[in-house]
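Welcome! Please keep the picture beside you as you read.

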Amino acid sequence: PLDYAINNIKKFKTSNPDLKKVILWGGSKGAELALLLGSLMPNEVQGVIAQVPSHVIWQGISMTDFSPKSSWQMNNK
């Protein structure tokens, strides 16, 4: 769930009032997450470093469920 990451970024900013910028870094699937969070939180995240990102959000890989669906969810959707 993206909600965990969003809430943690907000808590981190609140607990560090002198913080000037939040920049997210991620590689591969983490780059997908960093880009997604950066787009959802433009006021909280000032930059994203994406190493080997994709241009789209890919489905998750499961060994038991082969239906295409997003790796990420927000607000239980």
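## Overall layout

The protein chain has two helices and two strands as its secondary structure (DSSP runs numbered from the N terminus, with H or I over at least four residues for helices and E over at least two for strands). Reading along the sequence gives the pattern α-β-α-β.

This is a predicted model, in which local features need pLDDT of at least 70 and side-chain atom pairs count only at pLDDT 80 or more, while totals for chains, interfaces and linings use all residues. Residues are numbered from 1 along each chain as its sequence is written, and side-chain values use heavy atoms, with hydrogens and water left out.

## Dimensions and surface

Along its principal axes, the C-alpha trace of the protein chain spans about 45 × 25 × 15 Å. The protein chain exposes about 5,800 Å², and carbon and sulfur atoms supply 59% of that area (Shrake-Rupley method, 1.4 Å probe; for residues, only the protein chains shown count as cover).

Of the 77 residues in the protein chain, 21% count as buried (buried means under 20% relative accessible area, exposed over 50%, partly exposed in between, with a 1.4 Å probe and protein chains only). Among contacts in the protein chain with a separation of 6 or more, 57% come from residues 24 or more positions apart (contact means heavy atoms within 4.5 Å).

## How the two helices meet

Two packed helices are described by the angle between their axes and the distance between the axes. Here, helix 1 (residues 2-15) and helix 2 (residues 29-40) have axes that come within 11 Å and cross at roughly 65° (axes are lines fitted to C-alpha atoms, for helices over the stretch in contact, and angles run from 0 to 180 degrees between N-to-C directions). Helix 1 contributes L2, A5, I6 and I9 to the contact, and helix 2 contributes L33, L36, L37 and L40.

## A nonpolar patch

Which residues form a nonpolar patch on the surface? They are I23, W25 and I49, with about 350 Å² of accessible area together.

W25 sits in strand 1 (residues 23-27). W25 counts as exposed because its relative accessible area is 56%.

## Where Q73 meets P1

Q73 lies in the segment after strand 2 (47-51), and is partly exposed at 32% relative accessibility. Although Q73 and P1 are 72 residues apart in sequence, their C-alpha atoms are 4.8 Å apart in space. Leaving aside residues up to four places away in sequence, Q73 touches P1, L2 and D3.

Key:
Patch = residues over 30% accessible without salt bridge, like charges linked within 9 Å, V, L, I, M, F, W, Y side chains within 5 Å. Salt bridge = Lys/Arg side-chain N within 4 Å of Asp/Glu carboxyl O.
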